[in-house]
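Let's take a walk through this structure together, with a look at some aromatic rings and then at a sheet. Keep the view open as you read.

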Amino acid sequence: MSDPALICEVRTEGGVFRDWLSVTVAQSFDATWQRNFRLICAEPSKNLFERLAPNMRVDIALAGEVVIQEGYVVTRQVAFDANRHAVVVQGYSKAGLATEGSVDSGTGQYRGYTLEAIANSVLKPHGLRFRMEDAPDSARVPFPNVMVRYGESPFAMIARLCNQRGLWLDADADGTLVANRKSGGDSATFVEGKNILSAECTIQAPAVSQIIANSQQPGSDSLFGRKASEIQATSDLSAGMPNIKRKVLAEMPLDQEGAVARTNMEAQAIEASRLRVNLTYQGWHKPGTGKLWSLRDNVTIKSPMLFPTESGQMELKLWGVIYSQSSEGGTTTQIECVNRNAFAVRRPDANVDDGWYRAGATPAVPEAAT
């Protein structure tokens with residue numbers, strides 16, 4: 001009897017399929033934020049052929065845990081010669097719909113709305129939702145004015161707004177888009193010579209020591225002059241080269257607190273690129289947990305070979321995960337980890353009233369386009 005912890009099930013209205021030559025399911029904070037899958041089978045039955053065609057809906061479970069719920073088959077590719085034949089099926093979770101098509105929001109303007117309200121408005125026609133987790137209070141402050149860029153997808157627009165609020169973006173199994181600082185989470189430990197099949201580490205010194213973001217806002221009776229036209233914020237990187245600065249022009253009008261969050265996000269992105277560890281281990285479950293990964297999770301790696309430190313150990317954050325299975329490589333998981341500072345850069349206070357918002361005002365809730 002097969003080990004349940006090693007089974008990939010693809011569940012469709014026509015049945016459950018388990019026989020695959022190769023399985024890959026991936027999620028990260030960049031290219032595969034929406035959860036992608038790639039399946040290869042040798043001799044599909046007629047039922048499988050019909051149920052795994054483009055636009056078909058599927059649930060995908062690894063080791064009994066659903067990682068993609070009501071996802072879509074996007075591509076089907078067949079290849080054969082005299083000795084071999086195979087069918088490759090690729091797709092994504094429901095969240096992938098947010099990358100297709102453009103935002104249709106009526107006037108194309110959101111004035112005085114929160115990130116959460118705007119995101120849910122542009123996602124509603126796609127049957128998707130958005131939520132924030134572990135977000136600071138400043139992330140819930142309404143934007144003074146947001147304009148939809150012509151042709152912009154819902155994902156591109158939401159990612160742009162998340163950048164202004166210092167939040168990373170990913171997706172749940174059911175396709176819900178989630179903005180988060182990714183604190184907390186479970187922990188897993190890997191030790192060189194014990195539970196690591198292979199690993200590589202890249203460490204890069206940041207060239208800059210300071211990020212400076214500039215923005216401006218339309219004037220009003222209470223917001224005018226330099227307060228409106230010369231909004232600036234800075235974030236420092238302790239390991240950067242002295243006196244080397246990077247200047248960033250905000251992608252949209254921001255108040256002072258928004259500019260601070262934008263510089264913080266730029267610093268977080270630099271921190272995420274400074275150190276990358278790719279590690280492969282046997283199986284799909286996190287060591288010692290019996291569970292699959294969450295992008296919230298923490299990773300401890302003990303490897304004198306990887307890290308030029310006296311302890312040879314680092315506490316990292318998960319950046320991405322790829323679950324794989326094939327006859328050649330067996331059942332493995334590859335995780336990518338980054339510096340914890342990519343999720344923990346502290347923002348300086350930006351609590352001074354800039355003259356735009358009324359204290360205690362209730363943010364408006366936009367209607368989705370019909």
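Tyr-113 is buried, with a relative accessible area of 18%; buried means under 20% relative accessible area, exposed over 50% and partly exposed in between, with a 1.4 Å probe and protein chains only. Tyr-110 is buried as well, at 3%. This is a predicted model, in which local features need pLDDT of at least 70 and side-chain atom pairs count only at pLDDT 80 or more, while totals for chains, interfaces and linings use all residues. Residues are numbered from 1 along each chain as its sequence is written, and side-chain values use heavy atoms, with hydrogens and water left out.

A pair of aromatic rings is described by the distance of the centres and the angle of the planes. Rings of Phe, Tyr and Trp (its six-membered ring) pair if their centres lie within 6.5 Å; planes under 30 degrees apart count as stacked, over 60 as edge-to-face and the rest as tilted. Searching the whole structure gives seven aromatic pairs. One of them joins Tyr-110 and Tyr-113, edge-to-face, at 5.6 Å centre to centre and 75° between the planes.

How far apart are the ring centres of Trp-168 and Trp-319? They are 5.1 Å apart, and the planes stand at 85°, so this pair is edge-to-face. It links distant parts of the chain: Trp-168 belongs to strand S11 (residues 168–171) and Trp-319 to strand S20 (residues 313–326), 151 residues apart. Helices (H or I, at least four residues) and strands (E, at least two) are DSSP runs, numbered from the N terminus.

Arg-276 lies over the face of Trp-319, 4.7 Å from the ring centre. Likewise, the charged end of Arg-165 sits over the ring of Phe-143, at 3.8 Å from its centre. The rule asks for NZ of Lys or CZ of Arg within 6 Å of the ring centre and within 35 degrees of the ring normal.

Now for the sheet. Three strands form an open sheet in the order S16-S15-S17, with mixed pairing; two strands pair if DSSP finds at least two bridges between them. Strand S16 (231–236) and strand S17 (245–249) are the edge strands, each pairing on one side only. Strand S15 (residues 210–215) runs parallel to S17, and five bridges join them. Ile-212 has Lys-247 in S17 as its bridge partner.
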